Amino acid sequence: MARADYISIKDVSKLFGSVAAVDQVSLDIRQGEFFSLLGPSGCGKTTLLRMLAGFEQPTRGAIDLDGEPLIDKPAHLRPTNMVFQSYAIFPHLNVRANIAYGLRKQRLPRKDLRQRVEEALDLVKLTGLGDRQATQLSGGQKQRVALARALIKRPKVLLLDEPLSALDKKLREEMQIELRLLQQSVGITFVFVTHDQEEALTMSDRIAVMSLGKVLQVASPGELYERPNCITVAGFICQMNFLPARVTQANGNAVSLDVKAFGAAQASGAAGLASGNEVTVALRPEKLKLGSAAGAMPNRMEATVEAVAYLGDRCHVHLRHPALDKPLLVTAPTDSTLRQGSRVPVGWAADAPVLLTA
Ligand SMILES: Nc1ncnc2c1ncn2[C@@H]1O[C@H](COP(=O)(O)OP(=O)(O)OP(=O)(O)O)[C@@H](O)[C@H]1O
Ligand SMILES: [Mg+2]
């Protein structure tokens, strides 16, 4: 059975002077998992990854791998390997020599080395390109070489720091799928750093969302989307409408609310709230219904169409209401006959929102 705490990060902090780059982080990563660290620039992702690699020592806390303490092991003795954002491959060497560099300390017989390199070339889909000079490769191919060089050592854990961010959008999306398939085929635990939420949602089994050195939530992509645990996570993952509200009555999971712009409203699935509590009603754009579809909803109001953005298979409608500082964003079918400036009913079901208190 794969261990649930294969990598165990226990109350780890890293201070640079008085700045806590990583602030009391505890989390467990499963064996064979594709785990992502997601958060805005400067939130401590690289610092946490570098502590796993052994390039940085925690100021406090402990890290175990497969039940053994990692902290006192120097980087080159850890069963981890790192792939960086910049390709970090040697321009004066060919592809084969670049990949073999990963095994330079192992003194393998020439024949075995050759075989391992060929296997690694196949794995990253560079079969037949071993003799190519590193300078004659595209960005995507260079990143594959870096990946092959890291994988050829057969590490237990591969650490990847924004490895796709230098690639253009289309290539990046192709590589996301490929990298995911590669990870599944080799079964190595991947810890992947990105500030791109779409990338994290596409690739990961689970994601830790970070902000200001702290981990706010660890969950699967679906859970992060459906059940964000705070306003920061809700706003960072895809798009979300936030409406200030007050609880007027709480009855188990069902609450009555006074919601800005909507007035009296009903919501379900919110435990632990009491009358008088201030909450934020968080609604995904596809949970808001327009026109006749709004008629069947218990919570409704009328708003003005400010803009309609055509997106091919659907459109984004921006709705204005005098009580709201920001327009509401609604996803609607493209055939809806919404005109800029027209008035439209908008509504939501009792089970549509997430009610957030932090
Ligand atoms: N060697 C260092 N000395 C001083 N401060 C540092 C050092 N390394 C990182 N920091 C600070 O620690 C914080 C976290 O940095 P880190 O590089 O881990 O962020 P990040 O999430 O990887 O950001 P990015 O997405 O921009 O790569 C930042 O405030 C950064 O300025
Ligand atoms: Mg970084």
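The buried residues of α1 are Lys45, Thr46, Thr47, Leu48, Leu49, Met51 and Leu52, where buried denotes 20 or more other C-beta atoms, placed from the backbone, within 10 Å of the residue's own. This amounts to seven of the nine residues of α1, a helix that is mostly covered. Helices (H or I, at least four residues) and strands (E, at least two) are DSSP runs numbered from the N terminus. Just after α1, glycine 54 adopts a positive phi of about 95 degrees.

The model is predicted: local features need pLDDT of at least 70 and side-chain atom pairs count only at pLDDT 80 or more, whereas totals for chains, interfaces and linings use all residues. Residues are numbered from 1 along each chain as its sequence is written, with chains lettered from A and ligands numbered from 1 in the order in which they are written.

The shell around ligand 1 includes Phe16, Gly39, Lys45, Thr46, Thr47 and His195; a residue belongs if its C-beta atom, placed from the backbone, lies within 6 Å of the molecule. Both β2 (19-29) and α1 (45-53) supply at least two residues of this shell, and α1 gives the most, with three. By class, the shell has four nonpolar, seven polar and one charged residues. Ala, Val, Leu, Ile, Met, Phe, Trp, Tyr, Cys and Pro count as nonpolar, Asp, Glu, Lys and Arg as charged, and the others, Gly among them, as polar.

The chain is assigned two domains, with bounds from an automatic or database assignment.

| Domain | Residue range |
|---|---|
| domain 1 | residues 7-236 |
| domain 2 | residues 241-356 |

The centres of domain 1 and domain 2, taken over C-alpha atoms, are separated by 39 Å.

Technical notes: A residue is buried if 20 or more other C-beta atoms lie within 10 Å of its own, exposed if 12 or fewer, and partly exposed in between; C-beta atoms are placed from the backbone.
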